[in-house]
Amino acid sequence: MAHMPEGYREWTCFSQTEGSVLVRVPMELVLAFLCLLSSISLVLSVPDHHHGDNSTHHHDYCVLGAGPAGLQMGYFLSRSQRDYIILERNAGPGSFFQKYPRHRKLISINKIYTGRRNKEFNLRHDWNSLLSDRPDLLFQRISRDLYPDADTYPLYLSMFESELGLKVKYGTDVGRVRASDLTGNKSYILTDQHGTDYKCRVLLVSTGLWVPEQVDFVGSDLVEGYESISTDPEEYKDQAVLILGKGNSAFETAQSILGRASRIHLYSPSPVRLAWQTHYVGDLRAVNNELLDTYQLKSLDGLVEGGLEDIAIVHRRREEGKMRTGKKRPGTSSDRKEQFYLTLSELLDGSKSANITAENLPGYHDDNFSLRQPYDRVIRCLGFRFNFTIFDGLARLPHSTCARGRLPAVTAWYEGRGNSNLFILGTAAHSRDYRTSAGGFIHGFRYTVRAVHKVLEQRYHNNAWPATRLSTSQLLSWILKRVNEASGPYQMFGVLGDIILLQGAHCEYLEEFPVQALPQFSALSGRRISEHGLLVVVMQYGLNHTNTLGPGRAESEWTKAWKSNFLHPVIYYYPTLPTEKDMRQRPVGWPLPRPDAVHHMVEDFLTEWDQPISHSQPLRRFLEHCLKTDLRAFYAESCFRLSLTNRKPPLFCRQGYLNKEGFVGNSHLWQHAREAGLMPAHQGSVIPADDGLFSEYLPHAGATVTSTIDFDL
């Protein structure tokens with residue numbers, strides 16, 4: 001063995017061409033190489049903000065699900081530069097819409113042409129776009145149909161995600177969520193299919209409802225599910241079909257086969273509820289209700305009410321013989337080997353569908369039983385429920401008391417009940433306004449997601465709820481502006497409202513606060529209530545359940561505005577914040593407790609609350625009553641006269657003088673002042689108020705509503 005020079009070390013290297021090769025390397029290079037490896041190892045072993053040991057990823061916010069609610073929250077978190085990740089189990093966003101609705105027509109309105117250019121107003125009639133600071137990032141870029149094809153919505157969500165650069169990790173199927181509560185402050189650990197953990201300070205669940213709702217009854221295994229039925233109408237040709245359910249999925253299915261099936265019956269415990277009667281967009285929409293025509297015009301289809309838990313679906317093969325004597329009905333299908341009967345489980349011998357006889361059927365006891373004839377298919381269309389199964393231990397979510405427990409229970413600010421730092425977003429949070437507003441739908445929950453983000457900013461980053469500071473004289477015009485164009489309170493009627501904190505000569509205007517969270521207002525918003533109290537502006541439907549298409553369905557007299565049936569603004573005044581007890585004891589159907597004063601703005605056929613007699617003047621008088629001050633706008637000469645004759649001139653005049661806006665006058669007064677030498681001649685270039693341009697002066701004076709009506713009435 002040759003002697004190795006001092007300061008060298010031998011290394012054995014392997015070459016594919018030369019085999020093992022002995023290489024002598026200077027010690028300096030060896031030490032340098034080892035130091036480099038050590039440095040790399042140290043960097044990789046020290047957990048940064050996002051990655052840790054044992055495949056654990058750390059984030060401040062984890063958003064579970066990349067549907068519309070998840071992407072909407074991702075936008076707000078990205079805009080505020082927070083550390084977040086969106087975890088999605090599928091390969092792209094909005095995977096629900098890749099399968100549902102099964103017959104591929106959305107029932108969310110995409111009304112592009114409104115005659116307005118006001119983007120905020122137009123969102124009132126755009127039920128698909130998400131909120132962003134990009135005015136071009138609207139759904140109409142993908143589809144211009146009033147009721148778009150469902151395939152277009154994942155395309156829109158992909159565009160939204162990519163153009164805003166949202167942080168989404170696809171192919172991450174979270175199968176377990178558990179909570180860590182070592183310090184009394186919960187954090188959450190999410191584990192995916194690869195065993196990788198994601199630990200977050202705040203968990204935002206936006207998984208939606210995708211687990212098919214099922215009811216356990218005898219023969220339920222014989223029923224086809226909405227999630228798996230064929231969507232080819234030809235497969236239902238000349239078949240009798242029984243559909244369990246009377247929601248939009250049931251009617252959508254019925255409508256698709258209406259021209260092929262021999263008869264279609266819909267069965268459920270509740271009568272059909274029409275959205276245009278209930279004002280709830282989750283009820284049956286007109287776009288799906290053609291079967292109502294064939295039912296009411298007696299063309300073989302129909303609706304029947306009855307409980308689901310007590311029924312049984314039984315079958316008998318045709319070749320085993322007829323169940324009842326009699327001739328074969330003309331026009332019935334004969335190409336299927338078995339048919340199904342609906343009966344009551346109590347009539348079955350031992351509750352076994354195989355022991356079926358004529359005596360087991362209700363028609364044996366009541367020969368006029370509605371569903372006595374057999375069916376070729378029975379289809380379950382009962383909607384969907386939240387997936388509770390992935391939440392373990394301390395992270396387990398309680399069921400809500402509404403919607404048959406299909407939804408998780410949440411607080412008024414959308415935090416899971418008993419689960420601090422876990423918020424429910426989107427359709428899954430609909431338990432707060434189930435059947436009363438639009439929180440279960442995109443055009444509603446895009447605003448509740450924005451409200452939740454404001455709660456997060458206050459709680460975790462000490463950023464108070466955004467507010468606009470106004471002089472009290474501006475309040476009337478600001479309220480009129482909001483009720484005529486704001487889309488959030490318009491869509492989330494009775495749930496999100498504008499809060500006005502009165503502070504004497506000024507006020508703070510907060511937009512779209514969840515009104516049922518008013519008892520926790522200060523903690524959630526970071527703002528305080530003064531001794532002057534607060535106003536709450538909400539949109540409401542009337543409680544008078546009248547014929548929505550009959551005579552007298554609308555109220556046009558402003559003195560009877562409280563009788564309004566359709567959507568209209570309502571303003572509540574409270575000297576102090578309502579308490580939790582007040583909220584619990586509020587009148588049935590009211591979004592808020594009884595106030596010290598309330599004002600209804602009469603409903604308007606055009607939804608334009610801007611008329612001086614019917615809208616502006618009654619609102620002004622209500623505000624004056626609550627604020628105990630005069631909110632009228634005056635010409636300058638009237639302010640001058642009132643200043644000379646009253647100890648306390650109207651607020652409009654006082655603020656004008658404080659702003660050094662002075663004495664405007666009219667052409668006669670200007671001419672008189674110049675002739676008397678009271679004003680220099682060059683001021684004659686100022687256009688006097690009675691030349692029709694006084695409205696241009698009003699914004700500088702703190703108001704936008706002119707005195708065009710008789711305020712002394």
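**Close-up views of a predicted model**

**Figure 1. The hairpin of β20 and β21.** In this predicted model, the hairpin formed by β20 and β21 has two residues between its strands, and Gly-504 adopts a positive phi near 80° there. The two strands pair in the antiparallel sense over seven bridges. Gln-503 is placed opposite His-506 of β21. Seven of the eight residues of β20 are buried, so that the strand is mostly covered.

Figure 2. Strand β20 (residues 496–503) is joined to strand β22 (residues 534–540) in the antiparallel sense by four bridges. Within this pair, Ile-499 has Val-536 of β22 as its bridge partner, and Asp-498 stands opposite Val-537 of β22.

Figure 3. Strand β23 (residues 568–574) and β24 run antiparallel and are joined by four bridges. Tyr-573 stands opposite Ala-597 in β24. Side chains alternate along β24 (residues 597–600).

Figure 4. Within α9 (residues 442–461) is His-443, a buried residue with a relative accessible area of 4%. Which residues does His-443 touch, not counting those up to four places away in sequence? They are Trp-127, Val-281, Ala-438 and Gln-491.

**Figure 5. The crossing of α10 and α14.** The axes of helix α10 (residues 475–485) and helix α14 (residues 612–627) come within 10 Å and cross at roughly 130°; the two helices are therefore oblique to each other. The crossing in which α10 passes α14 is right-handed. On the α10 side, the contact is made by Leu-475, Leu-476, Ile-479 and Leu-480. Ser-616, Leu-619, Arg-620, Leu-623 and Leu-627 contribute from α14.

**Figure 6. The crossing of α2 and α4.** Helix α2 (residues 68–79) and helix α4 (residues 152–164) have axes that come within 11 Å and cross at roughly 15°. These two helices are therefore roughly parallel to each other, and their crossing is left-handed. Pro-68, Leu-71 and Tyr-75 of α2 meet Tyr-153, Leu-157, Phe-160, Glu-161 and Leu-164 of α4.

**Figure 7. The surroundings of helix α5.** Nine of the 10 residues of α5 (residues 248–257) are buried, so this helix is largely enclosed by the rest of the structure. The buried residues are Asn-248, Ser-249, Ala-250, Phe-251, Glu-252, Thr-253, Ala-254, Gln-255 and Ile-257. They pack against β11 (240–244), β12 (263–268), α7 (290–296), β13 (302–305) and β16 (377–380).

**Figure 8. The nonpolar cores.** The largest nonpolar core has 113 residues, of which Val-177, Leu-190, Leu-203, Leu-204 and Val-536 touch the most other members. Helix α9 gives the most to this core, with nine residues. Another core, of 28 residues, lies apart from it; among its members are Val-537, Leu-567, Leu-623 and Cys-626. In soluble globular proteins, nonpolar side chains tend to be buried together. Leu-190 has contacts with Leu-64, Leu-87, Val-174, Arg-176, Val-177, Thr-196, Asp-197, Tyr-198, Cys-200 and Leu-203, residues up to four places away in sequence not being counted.

**Figure 9. The protein as a whole, for orientation.** The protein has 18 helices and 24 strands. Of its 713 residues, 51% are buried. Among contacts between residues at least 6 apart in sequence, 64% join residues at least 24 apart.

Definitions and conventions
Residues numbered from 1 in each chain as written. Predicted model: local features only at pLDDT ≥ 70, side-chain atom pairs only at ≥ 80, totals over all residues. Heavy atoms only, no water. Buried < 20%, exposed > 50% of the residue type's maximum accessible area, 1.4 Å probe, protein only. Contact = heavy atoms within 4.5 Å. Core = buried A, V, L, I, M, F, W, Y, C linked by side-chain atoms within 4.5 Å. Pairing = 2+ DSSP bridges. Axes fitted to C-alpha atoms, helices over the stretch in contact; angles between N-to-C directions. Parallel < 35°, antiparallel > 145°, perpendicular 65-115°, else oblique. Left-handed = near helix turned anticlockwise from the far one by under 90°.
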